[in-house]
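Please consider the following model with its sequence at hand.

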Amino acid sequence: DFGPDDGVTREQMALIIQKYLAYRGKETDVSEAGWEKMKSFSDASEISAWAQEGVAFCLEKGILAGMSSEVFSPGTKTTRGQFCVMLTQLEEKLA
C-alpha cells in the first residue's frame with residue numbers, strides 16, 4: 001500500500017529530494033564529507049540503508065540538517081515548518 005495519507009519521515013524526505021533532483025538533471029553524488037556528516041550523528045545507525053545516500057546528500061548540500069547537532073532523527077515525521085524550510089533550501093539549490 002502506497003499510504004498517500006501517511007506522514008513522511010525525515011529519511012524518506014531526504015531520499016525523495018535526492019531522487020527529485022536527479023530527475024531534474026542535477027548532480028546528486030555524495031562526497032566523503034556528506035558521508036562523514038551523516039555518520040557524525042549519534043543515531044546514524046538508525047538511518048535505513050535504503051535512505052543513507054539521500055540523507056548524506058541532503059546533509060552535504062545543506063538541504064536538511066539534524067534535529068540538533070547530535071541527532072538526525074531519521075524516523076521522525078516531518079512538520080509543516082520543517083517542510084517549508086526544506087523547500088526553501090531546495091529552491092536555492094535549483095536556482
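Directly after helix α3 comes Gly62, whose phi is positive, near 75 degrees. Helices here are DSSP runs (H or I, at least four residues; strands are E, at least two), numbered from the N terminus. Most residues other than glycine have a negative phi, and most peptide bonds are trans. Ser73 sits in the loop between α3 and α4. With a relative accessibility of 16%, Ser73 counts as buried, where buried means under 20% relative accessible area, exposed over 50% and partly exposed in between (1.4 Å probe, protein chains only). Beyond its neighbours within four places in sequence, Ser73 is in contact with Arg10, Asp43 and Met67, contact being defined as heavy atoms within 4.5 Å. Ser73 and Ile47, 26 residues apart in sequence, have C-alpha atoms 8.2 Å apart in space.

The model is predicted, with residues numbered from 1 along each chain as its sequence is written; local features need pLDDT of at least 70, side-chain atom pairs count only at pLDDT 80 or more, and totals for chains, interfaces and linings use all residues. Side-chain values use heavy atoms, with hydrogens and water left out. The average pLDDT (the predictor's confidence in each residue, from 0 to 100) is 90 for the protein, and 98% of the residues score at least 70. Confidence is highest in helix α2 (residues 32–39), at a mean of 97, and lowest in helix α4 (residues 80–94), at 79. Where pLDDT is low, the predicted coordinates should not be read in detail.

Attention now returns to α3. Its buried residues are Gly54, Val55, Ala56, Phe57, Cys58 and Leu59, and what covers the buried residues of α3 includes α1 and α2.

How are α1 and α3 arranged? Helix α1 (residues 10–23) packs against α3 at an angle of about 75 degrees, with the axes 7 Å apart. Axes are lines fitted to C-alpha atoms, for helices over the stretch in contact, and angles run from 0 to 180 degrees between N-to-C directions. The two helices α1 and α3 are therefore roughly perpendicular to each other, given that angles under 35 degrees count as roughly parallel, over 145 as roughly antiparallel, 65 to 115 as roughly perpendicular and the rest as oblique. On the α1 side, Glu11, Ala14, Leu15, Ile17, Gln18 and Leu21 meet Glu53, Gly54, Val55, Phe57 and Cys58 of α3. By class, this contact of α1 with α3 has seven nonpolar, two polar and two charged residues; Ala, Val, Leu, Ile, Met, Phe, Trp, Tyr, Cys and Pro count as nonpolar, Asp, Glu, Lys and Arg as charged, and the others, Gly among them, as polar.

Helix α2 packs against α3 at about 105 degrees, with the axes 8 Å apart. That angle makes α2 roughly perpendicular to α3. Gly34, Trp35, Lys37 and Met38 of α2 form the contact with Gln52, Glu53, Val55, Ala56, Leu59 and Glu60 of α3. These residues divide into five nonpolar, two polar and three charged. Within α3 (residues 52–61) lies Ala56, which counts as buried at 0% relative accessibility. Outside its sequence neighbours within four places, Ala56 is in contact with Val30, Gly34, Trp35 and Met38.

The largest nonpolar core has 20 residues, of which Ile17 and Ile63 touch the most other members. Such a core is a set of buried Ala, Val, Leu, Ile, Met, Phe, Trp, Tyr and Cys residues joined through side-chain atoms within 4.5 Å. At least two residues of this core come from each of α1, α3 and α4, and α3 gives the largest share, five residues. Neighbours within four places in sequence aside, Ile63 is in contact with Ile17, Leu21, Phe57, Cys58, Met86, Gln89, Leu90 and Lys93. In soluble globular proteins, nonpolar side chains tend to be buried together.

Two threonines complete the account. Thr28, in the loop between α1 and α2, counts as buried at 13% relative accessibility. Apart from neighbours within four places in sequence, Thr28 is in contact with Gln18, Leu21, Ala22, Glu53 and Phe57. Thr9, in the segment before α1, is buried with a relative accessible area of 9%. With the same exclusion of neighbours within four places, Thr9 is in contact with Pro74, Gly75, Thr76, Lys77 and Thr78.
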